[in-house]
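Hi everyone, thanks for coming.

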Amino acid sequence: MKILVAVKRVVDHNVRIRVRPDGTGVETTGVRMSMNPFCKHAVEAAVQLAEAGQADEIVVVSIGPKAANDVILTALAMGAHRGILIETDAALETLTIAKLLAKVVAEEAPDLVLLGKQAVDDDSNHVGQMLAGLTDLPQATFASEIKLEGGTLSVTREVDYGRATIAIPLPAIVTADLRLNTPRNAALPMVMKARQKPLAVRSAAEFGVDLTPRLVVEKVSPPPERVAGRTVGSVSELAGAIAAEISGMEAL
Amino acid sequence: MAVLVLADHDLGTLSPATARVVNAIAGLGAVDVLVLGEGVDQVVTQAAALNGIAKVIVAQDVGFNSQSAEALVPVLVGLASCYSHIVTSAGTVGRDVFPRLAAKLDIQPITDVVAVRGANRFDRPIYAGNAIETVTSNQVRQVLTIRASAFKPVASGGSASVEPLTHGTVTQVAQLVAAHRTQSDVPDLATAQIVVGGGIAVGSSEGFTLIEQLARRLNAAVGATRAAVDAGYAPNDWQVGQTGKIIAPDLYIAIGISGALQHLAGIQGAKKIVAINTDAEAPLVKLADVALIGDLFTTIPALIAELDRVGVTL
Ligand SMILES: Cc1cc2nc3c(=O)[nH]c(=O)nc-3n(C[C@H](O)[C@H](O)[C@H](O)COP(=O)(O)OP(=O)(O)OC[C@H]3O[C@@H](n4cnc5c(N)ncnc54)[C@H](O)[C@@H]3O)c2cc1C
Ligand SMILES: Nc1ncnc2c1ncn2[C@@H]1O[C@H](COP(=O)(O)O)[C@@H](O)[C@H]1O
């Protein structure tokens with residue numbers, strides 16, 4: 001079985017971002033970048049399937065600037081076999097990303113495509129579902145458990161009411177949630193070995209996909225600031241504050 | 001042109017989110033509500049009662065009961081040409097279904113909308129809510145999911161007409177093997193007026209029942225941090241934050257929660273925040289309107305007793 005994993009390079013999730021004062025966007029120069037956390041869980045799931053003898057090739061793909069090489073190398077160090085960088089300096093919309101990935105799916109014909117459920121920069125939570133739509137493949141989003149039995153994939157999904165386990169035929173698209181697994185930190189020898197693995201660099205322009213954005217980002221603003229609060233000294237003061245708050249609420 | 005709202009429901013009742021979605025897009029055109037599922041008569045009745053609805057469209061088929069994207073998308077695609085906006089709440093069904101729908105329609109969707117500034121102008125949060133993007137779309141139609149907690153609900157009392165929809169064979173790709181519904185008598189987390197949240201500091205599932213006791217006392221919903229859910233103290237659907245539920249209660253009481261930015265992403269809409277924490281330097285304590293520095297194990301029982309003494313009720 002062949003698995004394709006899509007990984008995105010994003011501002012590291014520990015960074016407290018700053019909105020540019022002129023409202024043109026979020027400051028990303030000089031900011032620490034890393035693999036989107038959800039993508040790490042997707043890579044780990046693929047590697048675990050390979051280790052269990054259920055997959056023989058893992059291809060990772062990332063769309064972004066030259067520097068996105070880093071996150072592909074991280075995935076190769078974790079155990080993926082081969083990388084594809086689709087290079088572009090433009091900020092692409094999720095529909096465009098999904099169209100580019102659909103081209104890769106057509107070329108590679110994977111049995112399973114793993115993605116993160118969302119990228120922590122744009123917080124879109126789109127690409128897996130859109131890719132499934134474009135390729136007409138079944139989708140299982142927000143996965144917290146994946147089991148492969150025969151040609152059927154059993155996926156436990158985290159949903160609003162709790163959890164749902166579904167069975168879907170392969171090929172399929174799965175998006176990873178954080179409780180899917182614990183991603184490994186690649187040991188140094190693996191990091192060295194990753195540099196020897198094949199990594200194809202291709203220009204986004206060569207796929208015949210219209211890269212023009214559909215939306216105009218008018219401005220980016222910081223969220224409203226909260227007013228400073230106070231510390232109370234006792235439980236009875238706290239109860240008083242809660243009681244006052246509740247008596248002031250309008251009933252729904 | 002009109003607006004199509006896909007009703008959010010659990011086959012039994014209409015989710016409180018739908019009344020908020022209707023309010024969010026009221027003003028963009030006549031609103032039709034689509035209900036998909038077999039045995040959803042009560043959902044239809046509740047949807048038809050929402051104020052400001054032109055009509056309710058119903059397609060009854062057991063194939064819709066999985067609420068899978070493969071089953072729902074073809075029906076929505078079939079209806080799309082009659083509508084300028086196709087909208088639903090940003091719950092797990094909307095998040096699962098609408099991007100697939102948008103791709104099928106060759107539309108870039110706009111999701112998690114927190115403000116509607118016009119027919120094609122919307123605000124959405126990015127970077128865990130630490131920035132708000134204002135976007136305009138010049139596409140032929142808009143595919144949107146709405147963050148329900150950012151809007152008030154429309155009232156009920158109307159009686160819109162109900163129209164059956166004829167539809168083709170429902171695509172059934174995904175088979176539902178098992179559903180684990182968290183059983184609980186507390187209010188819906190996403191739309192609750194008061195939420196009590198607990199963190200990893202409760203130390204065990206038994207410890208977490210302290211959080212639930214306080215919630216029950218206040219008729220509040222229960223929230224949890226990712227750390228508390230990962231540790232198995234609380235079910236996954238109680239997680240609040242960037243990757244969990246987004247809440248906007250009038251009052252959020254955060255107990256033993258440090259206030260990581262991914263957790264804060266879920267509570268930015270809270271009107272008032274109360275924190276109980278042993279650490280005066282915890283980010284959530286700094287952010288809170290009212291904070292008590294203390295141990296949760298002694299504070300919660302004392303607080304419940306004190307609330308009983310003063311006789312607080314919602
Ligand atoms: C991609 C990503 C997404 C994430 N999404 C989410 C999300 O959606 N929601 C979420 O919550 N987290 C999320 N997280 C995790 C988040 O970063 C934090 O790890 C988590 O919120 C911490 O949970 P906590 O506050 O319970 O634990 P901690 O950070 O360990 O804090 C525990 C707090 O309890 C206090 N305390 C200890 N003992 C007591 C006591 N006896 N009485 C009172 N107070 C006490 C401590 O002072 C401390 O402030 C995400 C992380 C990543 C990387
Ligand atoms: N530029 C990209 N390159 C590769 N994969 C991506 C890219 N953008 C998004 N993805 C994938 O799609 C998932 C969801 O992203 P999003 O829909 O943007 O929130 C990510 O976790 C990745 O797996």
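Some housekeeping. This is a predicted model, where local features need pLDDT of at least 70, side-chain atom pairs count only at pLDDT 80 or more, and totals for chains, interfaces and linings use all residues. Residues are numbered from 1 along each chain as its sequence is written, chains are lettered from A and ligands numbered from 1 in the order in which they are written, and side-chain values use heavy atoms, with hydrogens and water left out.

Okay, ligand 1. Which residues come nearest to it? Out of 30 around it, those are B:Thr225, B:Val240, B:Thr243, B:Ser258 and B:Asn277. By "around" I mean that a heavy atom of the residue lies within 4 Å. Chain A takes part as well as chain B, so this site is shared between chains.

Now for some polar contacts, meaning pairs of N or O atoms within 3.5 Å; within protein, one must be able to donate a hydrogen and the other to accept it, and residues adjacent in sequence count only if both atoms are side-chain atoms. The side chain of B:Thr225 puts a polar atom 2.7 Å from an oxygen atom of ligand 1. For B:Gln239, a side-chain N or O atom is 3.1 Å from an oxygen atom of the ligand. B:Val240 uses its backbone instead, with an N or O atom 2.8 Å from a ligand nitrogen atom. On its own, ligand 1 has 990 Å² of accessible area, and the protein covers 80% of that. Those areas come from the Shrake-Rupley method with a 1.4 Å probe; for residues, only the protein chains shown count as cover.

On to ligand 2. Here 19 residues surround the ligand, and the closest are A:Ala6, A:Ile63, A:Ala119, A:Asn125 and A:His126. Backbone atoms do the talking in these next contacts. A:Ala6 has a backbone N or O atom 2.7 Å from an oxygen atom of ligand 2, A:Gly116 has one at 3.0 Å from an oxygen atom, and a polar backbone atom of A:Val127 sits 2.8 Å from an oxygen atom too. Taken alone, ligand 2 exposes 480 Å², of which the protein buries 98%.

How many cavities of 30 Å³ or more does the structure hold? Three. A cavity here is a set of points, on a 1 Å grid over the protein atoms alone, where a 1.4 Å probe fits but cannot get out, and lining residues have an atom within 4 Å of a point. Grid points are joined across faces, edges and corners, and the volume is the space filled by probe spheres set on the points.

The largest cavity holds about 210 Å³. Its lining has 19 residues, with A:Gln118, A:Asp123, B:Asp112, B:Arg147 and B:Gln242 nearest the centre.

Definitions and conventions:
On a 1 Å grid over the protein atoms alone, a cavity is a set of points where a 1.4 Å probe fits but cannot get out, and a pocket is an open set with protein on both sides within 12 Å along at least five of seven lines; lining residues have an atom within 4 Å of a point.
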